[in-house]
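User: Could you take a close look at one part of this model for me, the sheet and whatever packs on it? I'd like the cut-offs spelled out as you go.

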Amino acid sequence: MVGTYKLHLITSTAQLNPQTKRSSPKVSILCPNEGGTHLMKRVLFKESFDTPEEAEREGVLFAQKWIDDGKPDLSEA
């Protein structure tokens with residue numbers, strides 16, 4: 001799933017765990033910066049979902065909330 005939100009490019013894919021048959025989101029967010037440079041943020045999730053579609057959707061919702069919250073540090077997440 002690829003889309004834009006508030007000038008940020010969000011890519012959310014699902015990674016299937018073959019043992020559990022559940023999917024976890026993998027999210028990349030390309031953030032515009034001043035001066036034309038960009039910052040790439042990648043987020044891996046411990047949480048898993050029943051379907052790949054649900055995992056992708058949750059990844060997008062997480063990215064949008066992260067942007068709305070002012071892009072807080074995720075190193076402790």
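Analyst: Happy to! Let's start at the hairpin: β1 and β2 form it with two residues between them, and K6 in the turn has a positive phi of about 50°. Strands here are DSSP runs of E with at least two residues, helices are runs of H or I with at least four, and both are numbered from the N terminus. A word on the source: this is a predicted model, where local features need pLDDT of at least 70, side-chain atom pairs count only at pLDDT 80 or more, and totals for chains, interfaces and linings use all residues. Residues are numbered from 1 along each chain as its sequence is written, and side-chain values use heavy atoms, with hydrogens and water left out.

β1 and β2 are antiparallel and share four bridges; two strands count as paired if DSSP finds at least two bridges between them. V2 has T11 of β2 as its bridge partner. Next along, β2 and β3 also run antiparallel, joined by nine bridges, and T13 stands opposite K26 in β3.

Put together, this gives an open sheet of four strands in the order β1-β2-β3-β4, with antiparallel pairing. Because β1 and β4 stand at the edges with a single partner strand each, one side of each is left without a neighbour in the sheet. From one strand to the next, the twist averages 25°.

Helix α1 lies across β1, β2, β3 and β4, at about 145° to β2 (axes are lines fitted to C-alpha atoms, for helices over the stretch in contact, and angles run from 0 to 180 degrees between N-to-C directions). In α1, A55, G59, V60, A63, W66 and I67 are buried, meaning under 20% relative accessible area with a 1.4 Å probe and protein chains only; exposed is over 50% and partly exposed lies in between. These residues cover an arc of only 135° around the axis, so they sit on the same side of α1; the arc is taken from the directions from the helix axis to the C-beta atoms. The buried residues of α1 pack against β1 (2-5), β2 (8-17), β3 (22-32) and β4 (38-44), with contact meaning heavy atoms within 4.5 Å. Just after α1, G70 takes a positive phi of about 90°.
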